[in-house]
Amino acid sequence: MREGGAKIDKVEVDRGCFACMLGGADGRTLFITAAEWRGFENMVGDARTGQVLGVVAPAPGAGWPSYASGTR
């Protein structure tokens, strides 16, 4: 997303994505928690489909903790 909310890219995955955050040594890794979604009625079960996915982002994270200042 660009400042102002314009979409500039997307990540295609084969499962539902539930949370994401920029991180890594330089702030350019998009970490995504994901799992197969089978509906609310199947949330509790033996299926273990959860994954943490990582994708290189074109720009580092912003805000705090700051990657530019080295004060992570």
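**A pocket and the sheet that helps to line it**

The largest pocket is lined by 21 residues, among which M1, D9, L30, A57 and P58 lie nearest its centre. Here a pocket is an open set of points on a 1 Å grid over the protein atoms alone, where a 1.4 Å probe fits, with protein on both sides within 12 Å along at least five of seven lines; lining residues have an atom within 4 Å of a point. The model is predicted, so local features need pLDDT of at least 70 and side-chain atom pairs count only at pLDDT 80 or more, while totals for chains, interfaces and linings use all residues. Residues are numbered from 1 along each chain as its sequence is written, and side-chain values use heavy atoms, with hydrogens and water left out.

Strands β1, β2 and β3 each contribute at least two lining residues, and β1 gives the largest share, with 5 residues.

These strands (DSSP runs of E, at least two residues, numbered from the N terminus) form an open antiparallel sheet in the order β1-β2-β3. Because β1 (16–23) and β3 (51–56) stand at the edges with a single partner strand each, one side of each is left without a neighbour in the sheet. From one strand to the next, the twist averages 25 degrees (axes are lines fitted to C-alpha atoms, and angles run from 0 to 180 degrees between N-to-C directions). β1 pairs with β2 (residues 29–35) in the antiparallel sense over 7 bridges, where pairing requires at least two DSSP bridges. In this pair, G16 stands opposite A35 in β2.

Terms used: Helix = DSSP H or I, 4+ residues; strand = E, 2+ residues; numbered from the N terminus.
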